[in-house]
Amino acid sequence: MVTKTEESELKNLEIQVDNGGGGAWEYLSLVRKLKVRRSDKVLKHGLSILNDSKLRSKLGADEWTLYEQVAVAAMDCQCLDVAQDCTKALRKRFSESKRVGRLEAMLLEAKGSWEKAEKAYSSLLEDNPLDQIIHKRRVAMAKAQGNISGAIEWLNKYLEIFMADHDAWRELAEIYSSLQMYKQAAFCYEEVILAQPTVPLYHLAYADVLYTLGGLENVQTAKKYYASTIDLTGGKNTRALFGICLCTSAIAQLTKGKNKEDKEGSQLQSLAAKALERDYKQRAPDKLPQLTTALKSLTLSS
């Protein structure tokens, strides 16, 4: 994750380079280091160096790193002629390189030559079954073709090998949620939270899925994760505050007054409602009447 300091440094350097103040190579190096996506900028400033023989010669061995960076950026921008030229230059220099082979497969993918790209990726995986980038490219390729079931299959196969990749678990959870496969999505979010327990976004997403699933146990657990989201955000997550109110109302209806935690639940709902009212008064006072009506309806239904 990019820190605020790094983001500020990148932005300042980007402005400097865009305004002709130099530092193109430093900017490109920082983009690589932070693993951020600035394809149009990388293409523009990368080509300015590659097309100048004096600037290019100063890079030494880093020249080939830049060729690779520009090739990927060119694919992103659909400048496939540039991507092909960069890939050819790399192949000429590194005739047996599997890394260049991966770039060539990505170029086939960018051209929409799906079958050829799949064959190329399969061949590369035979030589190196643990190449994470190629596994991820297969997922991306399936999604690009609208083959969601294929993307799920490739993601599951990927996670059998790389179980600690929380980004992959999150992507799979989002796909399952989009297909209304909420039980599977809940399992994925559990894995994500195990890996990243202090990220409120994951607690919130998991709570949303459990609330959507319904049933007393799921709603009670959802309420706990809405509460943990509030705790992790210092009480500033509006969605989680609404979640507390919704869950409290749903639990009351499901238990029909038999819930031993009714008193505690109503107190928590009251605190969440007050926090929401304060928030709306500050940020959206014109919407306060609608909020009041919605909260009253939840109180009456519980």
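**View 1. Helix 6 and helix 7 cross at roughly 160 degrees, and their axes come within 10 Å.** In this predicted model, helix 6 covers residues 80–93 and helix 7 covers residues 98–110. Angles over 145 degrees count as roughly antiparallel, so helix 6 is roughly antiparallel to helix 7. The crossing of helix 6 with helix 7 is left-handed.

**View 2. Residues from helix 6 and helix 7 make the contact.** Helix 6 contributes Leu80, Ala83, Gln84, Thr87, Leu90 and Arg91. Helix 7 contributes Val100, Gly101, Leu103, Glu104, Leu107 and Ala110. Sorted by type, the residues of this contact are seven nonpolar, three polar and two charged.

**View 3. Helix 8 packs with helix 9 at an angle of about 160 degrees.** Helix 8 spans residues 114–127, helix 9 spans residues 132–144, and their axes lie 10 Å apart. Helix 8 and helix 9 have a left-handed crossing.

**View 4. Residues from helix 8 and helix 9 make the contact.** On helix 8 the residues are Trp114, Ala117, Glu118, Tyr121, Ser122, Leu124 and Leu125. On helix 9 they are Ile134, His135, Arg137, Arg138, Met141 and Ala144. By type, the contact of helix 8 with helix 9 has eight nonpolar, two polar and three charged residues.

**View 5. Residues 100–209 carry the UniProt annotation "domain: EMC2 TPR-like".** The annotation comes from an unreviewed entry. Over residues 100–209 the chain is 81% helix and 0% strand. The end C-alpha atoms of residues 100–209 are 42 Å apart.

Methods
Residues numbered from 1 in each chain as written. Predicted model: local features only at pLDDT ≥ 70, side-chain atom pairs only at ≥ 80, totals over all residues. Heavy atoms only, no water. Axes fitted to C-alpha atoms, helices over the stretch in contact; angles between N-to-C directions. Helix = DSSP H or I, 4+ residues; strand = E, 2+ residues; numbered from the N terminus. Left-handed = near helix turned anticlockwise from the far one by under 90°. Contact = heavy atoms within 4.5 Å. Nonpolar A, V, L, I, M, F, W, Y, C, P; charged D, E, K, R; others polar. UniProt positions renumbered as here; feature names shortened; annotations may be inferred. Parallel < 35°, antiparallel > 145°, perpendicular 65-115°, else oblique.
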